[in-house]
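Please look through this model with me.

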Amino acid sequence: MKALYFDRFGGPEVLQYGTLPDPSLSDNDVLVKMSYIGLNFADIYRRKGTYHIEKRVSSPYIDGYEGLGMVIAVGKKVTKHQLGEKVFFVDVPFANAELVAVPEDHAIEVPNDLDNKVIACAGLQGLTADFLAHDLGRNRPGQNVFIHGISGGVGQILSQMLTADGINVYGVTSTKAKQKVALDQGAKAIFLRTDPWLQNWLERFDTVYDGVGITLEQNIELLKHRGNLVFFGMAGGNPPRVDLVTLLSQSKSILTGDLWDYLTDYWERIARSKRLFNYFTDEKIKVSEPTVFPLKDGILAHKLLESGNNVGKILLKP
């Protein structure tokens with residue numbers, strides 16, 4: 001099979017494209033021929049050596065943990081899937097390849113009435129937005145929330161999900177083009193980072209969702225007393241240290257979570273995926289047109305993601 005891989009940690013230039021052995025299939029695996037592979041910041045961190053990555057029996061490393069494709073072979077003990085079924089997964093290693101061996105409990109059947117690219121865009125980022133909104137934020141209709149990183153993949157889906165649930169969404173982004181996207185998706189107001197907006201919005205929000213990291217202190221200032229900050233990523237860099245005594249005096253809380261602690265079994269994956277896809281079939285969430293690169297051009301895809309100039313998801317196509 002063809003795959004995108006690396007044998008040392010570093011910048012995008014360490015990536016290589018070539019032929020590697022096909023994955024071996026265990027009794028409880030399905031073999032998926034990939035249609036689209038999602039690229040995420042976690043893949044950048046793994047390539048740099050700053051994030052956990054699963055190792056094959058021998059190097060090189062194959063990055064990637066999410067994608068969509070068709071089942072072309074099943075292990076002897078597989079009972080939940082069949083040949084020809086369209087599935088996606090969000091937590092299976094070695095995804096940057098033409099073929100991926102997927103444990104049957106991690107493969108999620110998808111509705112045929114949704115476009116493949118939509119599902120590929122909504123997989124990991126959509127399930128992340130779902131658990132942020134429904135397990136951590138748990139906002140009530142009419143509340144005001146702020147999303148730092150609203151124009152990113154998770155931010156766009158989260159914004160529309162919260163809006164569909166009757167919550168007032170605000171945010172900040174870097175360009176007028178990204179501002180327009182967020183407003184078109186239902187946000188009440190979107191500020192530009194270069195504008196002096198912050199002082200007028202201190203202590204105005206019930207919840208702030210922070211996927212940037214370095215903005216943590218600023219986001220705490222945006223919270224009302226008894227407000228919650230939902231911290232879910234470090235796209236802009238590591239967060240600063242927080243003064244817990246100040247949080248205590250203002251009754252403000254920081255909530256964090258890892259999606260993998262919520263995708264605990266097959267039925268949990270199915271239930272959460274159905275809830276997510278209902279937003280799409282009801283046309284309450286739309287995703288920006290993704291940028292699609294051939295898998296062989298993975299270097300270019302990584303460079304674009306690191307630049308921060310993309311709007312929406314970046315997909316790789318074998």
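**Notes on the salt bridges**

1. Glutamate 289 counts as exposed, at 54% relative accessibility. The cut-off for exposed is over 50%. Keep in mind that this is a predicted model.

2. Glutamate 289 has a salt-bridge partner, lysine 117, with the closest N and O atoms 2.7 Å apart. This pair links distant parts of the chain. Lysine 117 sits in helix H2 (residues 116-137). Glutamate 289 sits in the loop between helix H7 (266-281) and strand E15 (291-294). The two are 172 residues apart. Lysine 117 is partly exposed, with a relative accessible area of 24%.

3. Some salt bridges share partners. Asp130, Asp135, Glu268, Arg272 and Arg275 are joined this way into one network.

4. Next, look at lysine 313 and glutamate 66. Their side chains form a salt bridge (2.5 Å, N to O). Lysine 313 is in the loop between H8 and strand E16 (314-317). Glutamate 66 is in the loop between strand E4 (61-62) and strand E5 (67-74). They are 247 residues apart. Lysine 313 is buried at 3% relative accessibility, and glutamate 66 is buried at 2%.

5. Arginine 47 and glutamate 306 also meet through their side chains, in a salt bridge of 3.1 Å, N to O. Arginine 47 lies in helix H1 (residues 41-48) and glutamate 306 in helix H8 (residues 298-307), so this pair ties together parts 259 residues apart in sequence. Glutamate 306 is partly exposed, at 31%.

6. Finally, the total: the count comes to 15 salt bridges.

Technical notes. Residues are numbered from 1 along each chain as its sequence is written. This is a predicted model: local features need pLDDT of at least 70, side-chain atom pairs count only at pLDDT 80 or more; totals for chains, interfaces and linings use all residues. Side-chain values use heavy atoms; hydrogens and water are left out. A salt bridge is a side-chain nitrogen of Lys or Arg within 4 Å of a carboxyl oxygen of Asp or Glu. Helices (H or I, at least four residues) and strands (E, at least two) are DSSP runs, numbered from the N terminus. Buried means under 20% relative accessible area, exposed over 50%, partly exposed in between (1.4 Å probe, protein chains only).
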